[in-house]
Amino acid sequence: MPAEGFKSITVPEAVWEKAKRLVDMGLERSIPKVVTNAIEEYYKRREDIIQQLIEIKNKWNKPTGD
């Protein structure tokens, strides 16, 4: 059961092993932290395009007033 404020996710075994390796080498504190950092970095790199897609979606979904 996840801790309060957290959700449970499933990751491929290869990802888990890579995250575990980082923890074992002392580069990260925990496997969940590795996964969290990876997701945050992924989102940060794509933030501009995500915002553009949201704006396009809002524009297309806006009533035209015909």
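## Basis of the model

Contact is taken here as heavy atoms within 4.5 Å. Helices (H or I, at least four residues) are DSSP runs that are numbered from the N terminus, and a residue is called buried when its relative accessible area is under 20%, exposed when it is over 50%, and partly exposed in between, using a 1.4 Å probe and protein chains only.

The structure is a predicted model, in which local features need pLDDT of at least 70 and side-chain atom pairs count only at pLDDT 80 or more, whereas totals for chains, interfaces and linings use all residues. Residues are numbered from 1 along each chain as its sequence is written, and side-chain values use heavy atoms, with hydrogens and water left out.

Helix α2 covers residues 31-61, and its buried residues are Ile-31, Val-34 and Val-35. The cover over these buried residues of α2 includes α1, the helix made up of residues 13-24.

Helix α2 also has a kink of about 60 degrees, centred on Glu-47, where the bend at a residue is the angle between axes fitted to the seven residues ending there and the seven starting there.

Asp-24 is exposed, at a relative accessible area of 55%, while Lys-20 is partly exposed at 35%.

Glu-41 forms a salt bridge with Lys-44, for which the closest N and O atoms are 3.8 Å apart, and another with Arg-45, for which the corresponding separation is 3.0 Å. Through salt bridges that share partners, Glu-41, Lys-44 and Arg-45 are joined into one network.

The spacing along α2 is about one helical turn in both pairs, since Glu-41 and Lys-44 are three residues apart and Glu-41 and Arg-45 are four residues apart. An α-helix has 3.6 residues a turn, so residues three or four places apart point the same way. As for accessibility, Glu-41 is partly exposed at 33%, whereas Lys-44 is exposed at 55% and Arg-45 is exposed at 63%.

Methods. Helices (H or I, at least four residues) and strands (E, at least two) are DSSP runs, numbered from the N terminus. A salt bridge is a side-chain nitrogen of Lys or Arg within 4 Å of a carboxyl oxygen of Asp or Glu.
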